[in-house]
Amino acid sequence: EMSLSSTRSSDSTSRRRKTAEQSQGERIMFLVCVMLVAAGASRHVCEESWEEIQSKRTIRVENEVEANKLVNNYRFGFRKWKSHVTARPFEERSDVVKELYSELNVIKPHSGHFITCGNLAYVLLFGWWISLAYFLVGILMFITVIGLPYGKLCWKLCCYFLWPFGNTIHEVLLLLSLFSVLCCEEAPDCECSLETVEDSSSVLLPSATEGPAPEVPERPPRAPYWHRLSTYIWLLLGFPPLAVVHSLVCFVSWILVFTIPVAKMSAQTVGVILLLPPEDHQGYETRALLCCYHAANWYYYKYTVDGINVFAVNLLPIVIVALVVGYIDRENQFASSDVKFATAISSIIPLSYYIGMGIASIAAQSNFAVGAVVNATFGSITELTFYITALLRGHRAANPCLQEVVKAALTGTLLGCILFIPGICMIIGGLKHSEQRFNSRSAGVSSALLFISVGGVFAPTLFSKAYGNLVCDACTNATGGNGSSNASGPFVCHNCHYDLKNGTLFRDHIQPLVYTVSALLPTAYIIGLIFTLKTHSHIYNIHIEKFGCHPSYLISLTGTVVHWSRWRSLLILIAATVLTSACADLATEHIQPILNQPNVSQYFIGVTVLAMIPEIPEIVNGIQFALQNNISLRSLEVGSCIAVQVCMLQIPILVFFNAFCDVGFVLLFSDQHLWASIFSVILVNYIFMDGKSDYFQGTALVVVYLILLALYYFAPSPSGC
């Protein structure tokens, strides 16, 4: 509680400092404007200077690698990444973060209450059945007679694990030997000795208190630990069931993330406490082995393992489960196709995280050219793997529905990146910050590229509708006749579509147009990279401020401790790409039962599930940036960057892949995809015209996105599916 309050006070102090600096900057800018106007300058010049000051962003970094990563976040064509790619000095972390990584063998001053929601949840979820396990094992040890000391230990641990908060398990230290001790009372004033020796035994005694040091009694004669029959009785009958119980508790509490202290407590118990002898001695110096005050901490969402967020670590077993179940159970004896599809598509989430971490690590440790190549190569690898796998499977099975699902997923990614991701980030950021600003000049570049990309992708569709012949499969007139030329009256036609395959329009006109557009779009993308990264990089107006007082963390590339080296990042990228291909293959193999659902349109499945699940890491990153009042990284830079990559890289790659390996992919979209995309691009550019954002504008984007999803949900499935 004390560390939490101190952290909050430090955060509020930093916010007040930033507010004061901003107010001082505004006053200085006001004086400059007054001087410019007095000198005869126009008000327009003053307003431009003010906008330039407002758009300028100062980045504080610990080292050169982090500086490169943060600068890459503002560069067009680079994947935005929030997490650190280098190890941060532990001394510079906040008290809340230090608490997350602290061991449970330190007795700390605690002034709060132990009766909290997390501690009560521990008793309901874990405490009662851990205590029951110790009680039953204690009875078993009493029955063996030889294991009587371990039976007493189990019954005392039974009471301890029912409510361990504020109670401490101690280790007793003799002048010449080491003992174990259990204290079932609070021990805030316990003096801990750090002496260790070779011989060891264990005792159970209450917490040590301040006062004169007790006289060390004579050590009772005992056989060595591994020379006792009771040790082997315990290791054969008592330790295994308790190890299973604590392993299960450790696994479940780790998966829940916020109860990681319970996982640490169980691991410490199995690895240390249960392997110490249980003798009972009194009057020795003690050292804490296990001391827990809270079973849950809501800040554990920040916890990382080797730089990897704990949620990504916990989701990694889903990949293994998906591959094992998908490739071993071919006959669906143990899992249905729905379950296999759900696990396969869910496994793409952690793989997308690892791909993003690898891209950010390589780009931060390399120059901008290497970073641009890596981002262009691996930035869209997750989506492309799924699309190509689906097209190949649909072509082999002669199933045109998968091609329509791929087009729906492409459109869904486009809509989600320019509507939902910026919208939800603006809502969450706007609730914390009343108004957020971003660089309007860089947003203008992204908007121009977005217009070019969407116009180029949908140009063949507009061309086909302008010059194609509308053909209907079944037409009847009001009198019930067929569609012959002799029939008269109004006609009712079904399954109407533009006939492109039977004539020369597609072969001589539309197909060359598709190839031309697919060649021009990557060219425009490369020109955009050169413009934003080299010739006009100043439009981002970023100032790097380096800080770091720890001697082992110098502001240099050689003195920086990175989580993943370049070679390690490359290997992880390749492995994650291979696993993504396998999971995409399983997802497309078992997607047909999902597509056959009569109440859900196949358009809706493609636009939502297949399009947005790979973008979940981007959504999480966006929310974190927005909460830090860094909306520019989310409003246009990321949303537009992904949308532009979809149109300028992913779709041309699919077109040229179809040219070399005919899978039936035709760059012609339905009317709903066409008008939804064009309307979304116009709306986004209108909202971001003034360089400001708030929660109302974010709500408008999200509402429009939900309306479009409703259109897809109620739309009929594609013809022939």
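Predicted model: local features only at pLDDT ≥ 70, side-chain atom pairs only at ≥ 80, totals over all residues.
1. A helix here is a DSSP run of at least four residues, numbered from the N terminus.

2. Which helix gives the most? That is H5, with six residues.

3. Next, have a look at how some of the helices pack. Two packed helices are described by the angle between their axes and the distance between the axes. For H11 (residues 348-364) and H12 (residues 368-378), the angle is about 165 degrees and the axes are 9 Å apart. Angles over 145 degrees count as roughly antiparallel, and H11 and H12 are therefore roughly antiparallel to each other. The crossing in which H11 passes H12 is right-handed. On the H11 side the meeting residues are Ile355, Ile359, Ile362 and Ala363, and on the H12 side they are Gly371, Val374, Asn375 and Phe378.

4. Helix H22 (residues 671-687) deserves a point of its own. With helix H23 (residues 695-714), H22 makes an angle of about 175 degrees, and the axes lie 11 Å apart. This pair, H22 and H23, is therefore roughly antiparallel. Residues of H22 that meet H23 include Phe679, Leu683 and Ile687, while those of H23 include Leu701, Val704 and Tyr712.

5. H22 also packs with helix H14 (residues 401-432), at an angle of about 15 degrees and with the axes 10 Å apart. Are H14 and H22 roughly parallel or roughly antiparallel? Angles under 35 degrees count as roughly parallel, so H14 and H22 are roughly parallel to each other. Their crossing is left-handed. Among the residues in this contact are Thr411, Leu415 and Ile418 of H14 and Ser677, Ser680 and Val681 of H22. His673, Ala676, Ser680, Leu683 and Val684 of H22 take part in the contact with H14, and these residues also meet H23.

6. Finally, a word on charges. The structure holds six salt bridges. One of them joins lysine 340 and aspartate 329, whose closest N and O atoms are 3.9 Å apart. Lysine 340 sits in helix H10 (residues 337-346) and aspartate 329 in the loop between helix H9 (310-328) and H10, so the pair ties together parts 11 residues apart in sequence.

Notes: Residues numbered from 1 in each chain as written. Heavy atoms only, no water. Helix = DSSP H or I, 4+ residues; strand = E, 2+ residues; numbered from the N terminus. Axes fitted to C-alpha atoms, helices over the stretch in contact; angles between N-to-C directions. Parallel < 35°, antiparallel > 145°, perpendicular 65-115°, else oblique. Left-handed = near helix turned anticlockwise from the far one by under 90°. Contact = heavy atoms within 4.5 Å. Salt bridge = Lys/Arg side-chain N within 4 Å of Asp/Glu carboxyl O.
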